[in-house]
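I hope they are handy while you have the coordinates open.

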Amino acid sequence: MSFLSIPQVSLADVWAEREALAKIKSELSALEALVMTAKMKSNSEDRTTFDYEVLLADLRKVQSGISHHLTVPMEPVVPSSIDALSSYYTEHQK
């Protein structure tokens, strides 16, 4: 009977993963707001500056990748195809 629960556990793992990715995406949005705050507080006249635009672009790329993964429909698991056995084992010569 325990083998019947395996697909359900697998499916639960998929949904748990999707939920975790959605949370990461949400956290990245919050992080983006923090980066914008830091950017506003930065001084462009400093000898060394941080490139906030590059950081923001990277954050947006990660968010976009997660969004794409979450919007792609989950494809059902299709068992591998098995070639049917032949029922014709006798050859006839003419």
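1. A word on accessibility to begin with: a residue is called buried under 20% relative accessible area, exposed over 50%, and partly exposed in between, using a 1.4 Å probe and protein chains only. With a relative accessible area of 46%, Glu27 is therefore partly exposed. Lys23 reaches 55% relative accessibility, so Lys23 counts as exposed.

2. Some ground rules before going further. This is a predicted model, in which local features need pLDDT of at least 70 and side-chain atom pairs count only at pLDDT 80 or more, while totals for chains, interfaces and linings use all residues. Residues are numbered from 1 along each chain as its sequence is written, and side-chain values use heavy atoms, with hydrogens and water left out.

3. Now the charged pairs. A salt bridge here is a side-chain nitrogen of Lys or Arg within 4 Å of a carboxyl oxygen of Asp or Glu. How many salt bridges does a search of the whole structure find? The search finds three. As background, side chains of opposite charge can pair when their charged atoms come close.

4. Lys23 and Glu27 form one of these salt bridges, with the closest N and O atoms 3.7 Å apart. The two residues are four apart in helix H1, which means that about one helical turn separates Lys23 from Glu27. Helices are DSSP runs (H or I, at least four residues), and strands are too (E, at least two), numbered from the N terminus.

5. Arg60 and Glu32 form another salt bridge, and here the closest N and O atoms are 2.9 Å apart. Arg60 lies in helix H2 and Glu32 in helix H1, so the pair ties together parts that are 28 residues apart in sequence. Is Glu32 buried or exposed? Glu32 is buried, because its relative accessible area is 18%. Arg60, by contrast, is partly exposed at 39%.

6. Not counting residues up to four places away in sequence, Glu32 touches Leu56, Leu59, Arg60 and Gln63, where contact means heavy atoms within 4.5 Å.

7. The side chains of Glu53 and Lys39 also meet in a salt bridge, at 2.1 Å from N to O. Since Glu53 lies in helix H2 and Lys39 in helix H1, this pair ties together parts that are 14 residues apart in sequence. Glu53 has 41% relative accessibility and counts as partly exposed; Lys39, at 31%, also counts as partly exposed.

8. On to the nonpolar side. A nonpolar core is a set of buried Ala, Val, Leu, Ile, Met, Phe, Trp, Tyr and Cys residues joined through side-chain atoms within 4.5 Å. The largest one has seven residues: Leu21, Leu28, Val35, Tyr52, Leu56, Leu59 and Ile66. H1 and helix H2 (52–71) are the elements that give two or more residues to this core. Its largest share, four residues, comes from H2.

9. Val35 is worth a click. This residue is found in helix H1 and is buried, with a relative accessible area of 7%. Leaving aside neighbours within four places in sequence, Val35 is in contact with Tyr52, Leu55, Leu56 and Leu59. Val35 and Leu55 are 20 residues apart in sequence, and their C-alpha atoms are 8.1 Å apart in space.

10. Finally, Tyr52. With neighbours within four places in sequence left out, Tyr52 is in contact with Val35, Ala38, Lys39 and Ser42.
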